Amino acid sequence: MLRVLMFLVPLALSVYTFIDCISTKEEDVRHMPKPLWAILVLLFPLVGSISWLIAGKKRSPAAEGWSGVRERGGRGQWVAPDDNPDFLKSLNEDKKERGEDGPKEG
């Protein structure tokens with residue numbers, strides 16, 4: 001069983017990173033061109049895969065921390081949705097699109 005895992009885990013990691021590499025947008029790839037990353041992952045499965053995961057792709061803001069984090073003074077600070085002006089603005093826009101003015105008495 002251990003021998004099978006020693007083969008399957010690196011194989012699964014290589015397949016995942018190769019698919020992640022080729023499906024990543026060109027502007028999200030860092031340090032090297034995308035085809036070079038794909039070749040690196042194929043030729044050196046373990047080292048290439050780990051390198052891709054660490055340095056090859058720009059990560060999304062959600063992966064870097066809370067999705068509600070806003071930069072303030074060089075430090076990330078979590079902002080609740082009801083204090084986030086962008087979120088509140090989007091709610092007002094949604095209301096206007098639906099034609100709602102407010103609670104209706106009935």
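Start with the chain as a whole: it exposes about 8,700 Å², and carbon and sulfur atoms supply 63% of that area. The model is predicted. Buried residues make up 18% of the 106 residues in the chain.

Colour the chain by secondary structure. Following the sequence, the pattern reads α-α-α-α-β-β-α. For contacts between residues at least 6 apart in sequence, 41% join residues at least 24 apart.

**Stop 1**

Select Val4, Phe7, Leu8, Leu11, Val15, Ile19 and Ile22, and show their surface. These residues form a nonpolar patch on the surface, with about 630 Å² of accessible area together. Now pick out Val15, which sits in helix H1 (residues 2-23). Its relative accessible area is 43%, so Val15 is classed as partly exposed; that class lies between under 20% for buried and over 50% for exposed.

**Stop 2: Ile22**

Keep Ile22 selected. This residue also belongs to the patch and is found in helix H1. Ile22 has a relative accessible area of 44% and is therefore partly exposed. Which residues does Ile22 contact, leaving aside its neighbours within four places in sequence? They are Lys34 and Ala38. Draw a distance from the C-alpha atom of Ile22 to that of Pro35: the separation is 8.0 Å, for two residues 13 apart along the chain.

**Stop 3: the pair H1 and H2**

Show helices H1 and H2 together. The two pack at an angle of about 170 degrees, with their axes 9 Å apart. Angles over 145 degrees count as roughly antiparallel, and H1 and H2 are therefore roughly antiparallel to each other. To see where they meet, select Ser14, Thr17, Phe18, Cys21 and Ile22 in H1, then Lys34, Trp37, Ala38, Val41 and Leu42 in H2.

**Stop 4: Ser14**

From that group, centre the view on Ser14, which is found in helix H1. Is Ser14 buried or exposed? Ser14 is buried, because its relative accessible area is 11%, and the limit for buried is under 20%. Not counting residues up to four places away in sequence, Ser14 touches Val41, Pro45 and Ser49.

**Stop 5**

Move to His31, in the loop between H1 and helix H2 (34-43). Check its backbone: phi is positive, at about 75 degrees, although His31 is not a glycine. With a relative accessible area of 65%, His31 is exposed.

**Stop 6: the salt bridge**

How many salt bridges does a search of the whole structure find? The search finds one. Select Lys57 and Asp20, whose side chains meet in this salt bridge at 2.9 Å, N to O. The pair links distant parts of the chain, 37 residues apart: Lys57 is in the loop between helix H3 (45-56) and helix H4 (61-64), while Asp20 is in helix H1. Lys57 counts as buried because its relative accessibility is 19%. Asp20 is buried too, with a relative accessible area of 11%.

**Last view**

Val15 is partly exposed, whereas Ser14 is buried and Asp20 is buried.

Notes:
Residues numbered from 1 in each chain as written. Predicted model: local features only at pLDDT ≥ 70, side-chain atom pairs only at ≥ 80, totals over all residues. Heavy atoms only, no water. Patch = residues over 30% accessible without salt bridge, like charges linked within 9 Å, V, L, I, M, F, W, Y side chains within 5 Å. Areas by Shrake-Rupley, 256 points an atom, 1.4 Å probe, with all protein chains shown as cover. Salt bridge = Lys/Arg side-chain N within 4 Å of Asp/Glu carboxyl O. Helix = DSSP H or I, 4+ residues; strand = E, 2+ residues; numbered from the N terminus. Buried < 20%, exposed > 50% of the residue type's maximum accessible area, 1.4 Å probe, protein only. Axes fitted to C-alpha atoms, helices over the stretch in contact; angles between N-to-C directions. Parallel < 35°, antiparallel > 145°, perpendicular 65-115°, else oblique. Contact = heavy atoms within 4.5 Å.
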